[in-house]
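Here is a friendly walk through the fold, written to be read with the structure open beside you.

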Amino acid sequence: MAEKLTIRDIARLAGVSKATVSRVLNQKPDVDPATRERILRVMEEQGFVPNIAASGLAGGRNRLLGALIPSLTWPLIPELMRGVGEVVGATPYELILYSINDVNHEKDRSDIISRIVRTRLVSGLLAVFPGPSAKYLAALHSRSFPVLLIDDQGIPPENTPWIGVDNRVGAYEATRHLIRLGHRRIAHIQGPLKYQVSHDRYRGYCDALEEAGIPLDPALVLEGDFMPQTGRACANAFFDLPPERRPTAIFAGSDYMAYGAIAAAEQRGLRVPDDVAIVGFDDNPSSAHMEPPLTTVRQPFYEMGRRAAEMLLAFVEAPRMVHPSQNGQFAGSSSAATVFDLPLRVKMPASLIIRASCGALRHLHPPSEQGGGDRSR
C-alpha cells in the first residue's frame, strides 16, 4: 500500500492541499513549520517514497537532469561523471543516465534522444560526445529545455553551450617537449579524421614542428582509430622505414594508440625510451602503470564534469540574471542579460604529464637542460 501512495494521499492524511505537499517536497521555505512537520511525519509513518518527476512537475519545475553518455566502458566516462555527480548531488536535482550501446551506436543514440524529447522527463540534458547528433541536439536547446554539449568530435554548433578541451595546445606541448629532448624526426599517429579532435591534435603537432623549423614529413603521419591495434600497425609502418627516415619519437593521438606503439617497439626489440620515445594523449588511469609509465597529455575529465554540471544547472535555473565568465562559471548580476542571451564556449586546458616513456636522446642536451623535465601549463 505504501508504494502506491501519491502526493494526493499524503495531502488528504495531513489535512492540507496537494500544492502544500509539493512545496514541502521541493524544500520551499513558504510553508508553516508546524504544517511542514505534520506532512513529514505522515510521510514517515506511511513509508512514502515520492516520485521525483511528479513532485517536480507539481511544483512547476522538474527536478531531474539527463546525461546522454557513450558506453560506460569508455575510459573517460567514470571521471567525467564523478564530477557531474558531485555537483548535482549537492542540489535538489537527481541525475538520469542514458547510455549508448557501442554495437549500434548511431541507432541507439537516435532512439534515446527521441525518447528523451518525447517523454520530457528531464528539465535539461548534458550530452557527452554526441557525435553526428550534436546539430540535432543544438536545435533542441531552448529556455524550456537547455542542452549542453561536452564534445571534441565536431565543430560546436552556434548558439549552443559547449565545453571541451584545448586539444591543439595540448598536442603542441607534447610535441614541443619531444623537440626539447632533442628529437627531430617525430612521427604522429592521428585519430580518425572524421573527428575534429584528430585535426586539432594534428595542428598542434604541426605548430610545434613549424616553430622549431622542422619540415613536416608526410611519411611520419598516419591515421589510426584511437585503439591499440592501429597504434601497433602505424608504429610498425614507421619502423619499416629506412634507418635514416625512421622516427626517434612517436606522438600518438590517444593513450590506447600509444600502448600499441609501445607493444610494436617491444616486438621489434626496441627499447622505450632509449631507442624510441613515445607520448600519448588522454592520461587514462592505466597510463601511469604502463612499462615504462606513459608520458601523456591529461584531459581534465573530472573538472570538465563539474563545470558542465554547473553550467547546465545555471541554464535550468534561468531566468536568473547571470553573467558567464570566460571559464564557464556564473555570478549573479542585475544586468539585462540572462545566460540564454550569450553563446557560451568553454575550452579547458590540457596538461602535459611527464613520465619515463619520453626520455630518449637526452644525451643530446647539455647537462643544464637535463633537469626535472618540462611540466607544461
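## The whole protein

Of the 377 residues of the protein, 52% count as buried. Please keep in mind that this is a predicted model. The accessible surface comes to about 17,700 Å², and carbon and sulfur atoms hold 53% of that area.

The secondary structure consists of 12 helices and 14 strands. If you look at the contacts in the protein with a separation of 6 or more, 66% of them join residues 24 or more positions apart.

## The six-stranded sheet

Let us turn to the sheets. One of them is an open sheet of 6 strands with parallel pairing, in the order S2-S1-S3-S4-S5-S13. S2 and strand S13 (345-348) stand at its edges; each has a single partner strand, so one side of each is left without a neighbour in the sheet. From one strand to the next, the twist averages 15°.

You can follow the pairing strand by strand. S1 (residues 64-69) is joined to S2 (residues 94-99) by 6 bridges, and to S3 (residues 125-128) by 3 bridges. S4 then pairs with S5 (residues 162-165) over 2 bridges, where Ile150 has Ile163 as its bridge partner.

## Helices over this sheet

Helix H5 (residues 77-89) lies across S1, S2, S3 and S4, and runs at about 155° to S2. Helix H12 (residues 301-317) lies across S1, S3, S4, S5 and S13, and its angle to S5 is about 170°.

How many of the residues of S1 are buried? The count is 6 of the 6, so S1 is largely enclosed by the rest of the structure. Both of its faces are covered: Leu64, Gly66 and Leu68 are buried on one side, and Leu65, Ala67 and Ile69 on the other. S4 (residues 147-150) also has both faces covered, with Val147 and Leu149 buried on one side and Leu148 and Ile150 on the other.

Leaving aside neighbours within four places in sequence, its contacts include Val88, Tyr93, Glu94, Leu95 and Ile96. Leu65 and Leu125 are 60 residues apart in sequence, while their C-alpha atoms are 6.0 Å apart in space.

## The four-stranded sheet

Another open sheet has 4 strands in the order S7-S6-S8-S9, with parallel pairing. Its edge strands are S7 (221-223) and S9 (277-279), and each pairs on one side only. Direction ignored, neighbouring strands of this sheet are turned by 15° against each other on average.

S6 (residues 186-190) and S8 (residues 249-252) pair in the parallel sense over 4 bridges, and Ile186 stands opposite Ala249 in S8. Helix H8 (residues 167-180) packs on the sheet and touches S6, S8 and S9; the direction of H8 makes about 170° with that of S8. Helix H11 (residues 255-267) lies across S6, S8 and S9 as well, running at about 160° to S9.

## How H8 meets H9

At what angle do H8 and helix H9 (residues 196-211) pack? The angle is about 40°, with the axes 7 Å apart. An angle under 35 degrees would count as roughly parallel, and 65 to 115 as roughly perpendicular; H8 and H9 are therefore oblique to each other. Their crossing is right-handed.

H8 contributes Asn167, Arg168, Ala171, Tyr172, Thr175, Arg176 and Ile179. They meet residues of H9 including Val197, Asp200, Arg201, Arg203, Gly204 and Tyr205, and Asp207, Ala208, Leu209 and Glu211 also belong to the H9 side.

Key. Residues numbered from 1 in each chain as written. Predicted model: local features only at pLDDT ≥ 70, side-chain atom pairs only at ≥ 80, totals over all residues. Heavy atoms only, no water. Pairing = 2+ DSSP bridges. Axes fitted to C-alpha atoms, helices over the stretch in contact; angles between N-to-C directions. Contact = heavy atoms within 4.5 Å. Buried < 20%, exposed > 50% of the residue type's maximum accessible area, 1.4 Å probe, protein only. Areas by Shrake-Rupley, 256 points an atom, 1.4 Å probe, with all protein chains shown as cover. Parallel < 35°, antiparallel > 145°, perpendicular 65-115°, else oblique. Left-handed = near helix turned anticlockwise from the far one by under 90°.
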